[in-house]
Amino acid sequence: MANATVIIAVFLLLFFAIPSAIASGDGAKRRVIDAEGSPDDLVWVVQLSDLHFSVHHPHRAQDFIDFVGPALAFIKPSLVLLTGDLTDGKSKDMLTMKQDEEEWIEYQKVMQDVVDRSGLGHKAFYDIRGNHDNFGVPATGGSLDFFSRYSINSQQQRSGKVNSVTIQTSKRKVLFVGIDSTMDSGLRGPTNLFGHPTDELLAEIDSELLQWDSRSAQPITKVSFGHFTLSFSAASKTGKTLKDIFIDRSLAAYICGHLHIKFGKNLKRHHHSSGRAQHSKQLLQLNGHRLASENASSCHNSDARSDGFWEWEMGDWRRSRAVRVLAIDRGHISFVDVNFTSGAKKTIILPTYPLDSRFSSSSNYKCDPSTYGHIRALVFSFSPIISVEAKIYDTSSGNLIVVLDTQMKPLAGSRADLYVAPWHVQAFEDPSPDRYVLQIEVTDFKGRTTTTELRPFSVTGVPSRFKWGWAEFFVLGCQWDLLYHPILWGIYSFALSALLIPRALLFFLRRHYTYINFRTNKSFINGLLWISTELYSIPAVSFCMIGYLLYLALCPWLYGQALSEGERAFMTYRGWVVSRFSFLKKMDFLGSPDVMVVVLPHLIFVVLPALVTIMVLAAESSVHRDYLISISSKKKDGSDSRNKKYASQNNSGNKSSEPKRRWIRILFLVISLAIFWKHFKNCEALVKAYEMNPVIHFPLYSFTVPLLLVYSIWRTGRNMNTTST
């Protein structure tokens, strides 16, 4: 009987435990926690990102201890999400980028202090790896992978790249899926800028987002958190992206970091479905707002957002000391970003209804009028609250006119300080999504008053538009993994066309084009052929420039220490090749399109300006040479009246234009100095980043452009001096 019992127990273990472990990856990968108490459909979490703890900037960690621990103690979130770049990994001059164990030891100590002060426990904290946490790490789990040793996730046995946690209330499940999409072999910066989700990782994310779809009768709200914005996330080998998975699995929001607040305060973007099998082929998106046609008036399946999802980048702790509180109230997500640069915050206010019309998904009160009969706001405070007041202003006249001023009361039995106030929602129905704005004002028992920003709202779910600045569009509205190669080959095509097409035309036309021809018949073609003639009169420069462009397209640029351990690697425009013997087999390029941060600046700010400068110097030399000839011909006693007439006309024209031509040369000599300086700074950064010697490890990159510029300056100056003598 005992043997039979053991056999049955083993059978049950094999039947239930092993499939469950396989389905969940590892034991800590999936977790479910209950949100106890009232209200029965409200969850809130805290997000922090880009801490950049650094041995060179200890105040970042100290401020984190002073402000974050006490704030979490009175916010009492269900989860604390730390979305990457936990440490800085940079030298004091910010040019050498690799892991520093001292920073990780500091991170571990600080987080232990914050956990203790907050009273939340380690299990409430989820930290994920950012690109700075991966600088120079040859392999996950290796001796330089300090994240696997010092992070909270590692201490909680969350070793996978995808971890999920579900907060369930009596009415809803809120699923959070954390994603680590850093490279398996972490290159040193700066060529470690993109997230690189593999097909296997995307399949795992897909599985996590689907885990409740067929197992729960309750509505599900899905939120994902990661480090990289989607604009800096590359596609997998089969062309799939995170955006494809998120849209297909009805994600509500993706929260991330990576970009920092220096690029703007509106680093928010609504991704909409393109109706195609893959939704991620959009190169540019001009604005981040939600389209008016999406969900505005539909009540069908309000919890499914298959038409799109929000991406909210939160800024950074590094400089802006930003902390985000995000709430899911009856399935609708709202958030507030709090800035701690001025010190600790005693009160934090998060309105949860009506929703901010700039960043909301559909929130049409007609779908369920009974649900939206109250203004609602979470009030977190270190001190007891005396009063909470909700004010609604009408902005249609151009001024703020108070149309509602009401006291809010705490919800009885609430486990949080949720304040509510009844209102007649129909009174604020308006086709304009920003006519009415909401402000909450809170006063504590010490008489301190805290107010929220003015938030536009729309009770019909019509979205309000917001505009990106150029920097916000540049970093969030451009899909850089798709744009890299078009920009790269566009530059190559322009440069090679400028060098080769005029040369081919000159060969077939068999004519000699001069400045006199251009003055006689001013056209683009004549000007181009004249400049090309002058450029090819310095064959060493023109042919070397063509050869250099071909070299950049075909050969390695650098030979440096791409990882912090192991052999040196060589870098091409396609990425880094780490193995010495890769040329014997199909090469595996690492860090593509991350290498664009080296490739594109060199082409745009060094190679192209140098090519234009050389052309201008050659053309200016030709013009000045003709001017000197005309001056010389005037002094001679010529018998050809046509020569005298031409010399007189040319002389009169050149008297007025000589200063301008001379200033053009001086201007482009100054531009040459700027190119020299930019190229020098690029080389200096690369020398320190990858431990290289410019003479040994990347001589053609280092010296070709400066030598061509110096030779061109000397040669064009020599032409003028020779003519004048």
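A pocket is an open set of grid points with protein on both sides within 12 Å along at least five of seven lines, and its lining residues have an atom within 4 Å of a point. In this predicted model, the second largest pocket is lined by 30 residues, and H196, K237, D588, F589 and S592 are the ones that lie nearest its centre. The largest pocket has 43 lining residues and holds about 1500 Å³ of space. The chain has 725 residues, of which 52% count as buried.

**Overall architecture**

- The secondary structure of the chain consists of 15 helices and 23 strands.
- Taking contacts between residues at least 6 apart in sequence, 75% of them join residues at least 24 apart.

**Largest pocket**

- The volume of the largest pocket is about 1500 Å³.
- Among the 43 residues that line the largest pocket, P190, L193, K262, F263 and V597 lie nearest its centre.
- Four helices each supply at least two residues of this lining: α8 (470–477), α9 (480–509), α13 (596–635) and α14 (641–690).
- Helix α13 gives the most to the lining of the largest pocket, with eight residues.
- Sorted by class, the lining of the largest pocket comprises 24 nonpolar, nine polar and ten charged residues.

**Second largest pocket**

- The second largest pocket has about 980 Å³ of volume.
- Helices α6 (199–209) and α9 each supply at least two residues of the lining of the second largest pocket.
- Helix α9 gives the most to this lining, with four residues; α9 also supplies at least two residues of the lining of the largest pocket.
- The lining of the second largest pocket divides into ten nonpolar, ten polar and ten charged residues.

**Enclosed cavities**

- The structure contains four cavities of 30 Å³ or more.
- The residues that line the second largest cavity are W312, I333, S334, F335, L355, D356, F359, S360 and R455.
- Strand β12 (residues 332–339) gives the most to the lining of the second largest cavity, with three residues.
- By class, five nonpolar, two polar and two charged residues make up the lining of the second largest cavity.

**Cis peptide bonds**

- Most residues other than glycine have a negative phi, and most peptide bonds are trans.
- The peptide bond that joins G189 and P190 is cis, with an omega of about 10 degrees.
- P190 is located in the loop between β6 (173–179) and α6, and P190 is also one of the residues that lie nearest the centre of the largest pocket.
- A cis peptide bond also runs from Y353 to P354, where omega is near 0 degrees.
- P354 has its place in the loop between β13 (347–353) and β14 (374–381).

- R321, which is not a glycine, has a positive phi of about 50 degrees.
- The position of R321 is in the loop between β10 (308–313) and β11 (322–329).
- R321 counts as buried because its relative accessible area is 6%, whereas the cut-off for buried is under 20%.
- E691 is a residue other than glycine with a positive phi, near 50 degrees.
- E691 is found in the loop between α14 and α15 (699–724), and α14 supplies at least two residues of the lining of the largest pocket.
- E691 has a relative accessibility of 37% and therefore counts as partly exposed.

**Cysteines and disulfides**

- A disulfide is a covalent bond between the sulfur atoms of two cysteines.
- A search of the whole structure for disulfides finds zero.
- C544 has a relative accessible area of 41%, so C544 is partly exposed.
- C683 counts as buried because its relative accessibility is 10%.

Conventions: Residues are numbered from 1 along each chain as its sequence is written. This is a predicted model: local features need pLDDT of at least 70, side-chain atom pairs count only at pLDDT 80 or more; totals for chains, interfaces and linings use all residues. Side-chain values use heavy atoms; hydrogens and water are left out. On a 1 Å grid over the protein atoms alone, a cavity is a set of points where a 1.4 Å probe fits but cannot get out, and a pocket is an open set with protein on both sides within 12 Å along at least five of seven lines; lining residues have an atom within 4 Å of a point. Grid points are joined across faces, edges and corners, and a volume is the space filled by probe spheres set on the points. Ala, Val, Leu, Ile, Met, Phe, Trp, Tyr, Cys and Pro count as nonpolar, Asp, Glu, Lys and Arg as charged, and the others, Gly among them, as polar. A disulfide is a pair of cysteine sulfur atoms within 2.5 Å. Buried means under 20% relative accessible area, exposed over 50%, partly exposed in between (1.4 Å probe, protein chains only). Contact means heavy atoms within 4.5 Å.
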